[in-house]
Amino acid sequence: MSRDKEKDATEDYRALDVRALHRAGVLVPGWLGSWQWTRRGAVVATIGIEVESRDRVRLRYKVTIRGEREAKDYPVPITWTPCHLGGERPWFLCPCCGRRVAKLYAHRMFACRQCLRLNYRSQQASKRDAPCDRSWTLRRALGCDEGFLSLPAEFIRKPKGMHWRTFERKIEQLKRVDARALDEARAMLASIERDVKVAGEALSRC
């Protein structure tokens with residue numbers, strides 16, 4: 001998956017924006033609480049955040065891996081740079097590669113878009129028929145906000161008002177699309193896992 005048009009889009013992933021945390025007054029040493037993502041006024045995801053120091057926060061959350069819930073708990077470094085008109089602005093240092101970024105994207109481990117091989121939706125109009133993109137389209141039509149790596153097609157519930165025959169046909173179609181998307185994702189996930197292992201070993205020495 002070396003070409004940009006074959007990448008997922010940042011819009012497909014929940015983003016943790018260090019600027020938003022700063023504006024909300026979260027980046028204060030000793031702050032302990034949760035950060036939420038909402039859609040149409042409803043909370044769809046939550047992550048625990050502990051500000052250990054001015055230069056480091058700790059993230060705590062759970063992910064579903066192969067149908068099993070797994071707890072995550074690890075630090076993410078923060079660096080600060082001066083603004084032209086005074087003051088400072090924060091940046092995350094990606095746990096996987098150390099890049100200075102404003103946003104980290106939710107996966108097994110939060111990482112920058114380069115590590116997750118993401119681009120922006122506006123960059124990939126020609127990718128609309130790719131399996132991953134098609135999977136998201138089918139899932140949203142079924143009222144599902146979870147991706148193929150989080151929720152297998154067979155666990156999706158039938159939307160209210162949809163005929164069973166139509167639902168079953170869409171699920172079978174989604175299973176085929178998910179299988180192709182999973183094949184494309186395996187190589188990327190293997191690469192990310194190697195990077196995460198290296199980053200974890202480096203952080204353990206901090």
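The legends below accompany close-up views of a predicted model. Local features are described where pLDDT is at least 70, and side-chain atom pairs count only at pLDDT 80 or more, whereas totals for chains, interfaces and linings use all residues. Residues are numbered from 1 along each chain as its sequence is written, and side-chain values use heavy atoms, with hydrogens and water left out.

**View 1. The largest nonpolar core has 33 residues.** Such a core is a set of buried Ala, Val, Leu, Ile, Met, Phe, Trp, Tyr and Cys residues joined through side-chain atoms within 4.5 Å, where buried means under 20% relative accessible area with a 1.4 Å probe, protein chains only. Ile 49, Val 57, Leu 59, Phe 92 and Phe 110 have the most contacts inside this core. Two or more residues each come from helix 1 (18-23), strand 4 (42-53), strand 5 (56-65), strand 6 (68-82) and strand 9 (103-105), and strand 5 gives the largest share, five residues. Helices (H or I, at least four residues) and strands (E, at least two) are DSSP runs, numbered from the N terminus.

**View 2. Another core, of 10 residues, lies apart from the largest one.** Its members include Leu 142, Cys 144, Ala 153 and Phe 167.

**View 3. Strand 6 and strand 7 (residues 88-93) pair in the antiparallel sense over five bridges.** Pairing requires that DSSP finds at least two bridges between the strands. Pro 82 stands opposite Glu 88 in strand 7, and in this hairpin, with five residues between the strands, Gly 86 takes a positive phi near 100°.

**View 4. Strand 7 and strand 8 (residues 100-101) form an antiparallel pair over two bridges.** Leu 93 has Arg 100 in strand 8 as its bridge partner. Six residues lie between the strands of this hairpin, and Gly 98 in the turn has a positive phi of about 85°.

Terms used
Buried < 20%, exposed > 50% of the residue type's maximum accessible area, 1.4 Å probe, protein only.
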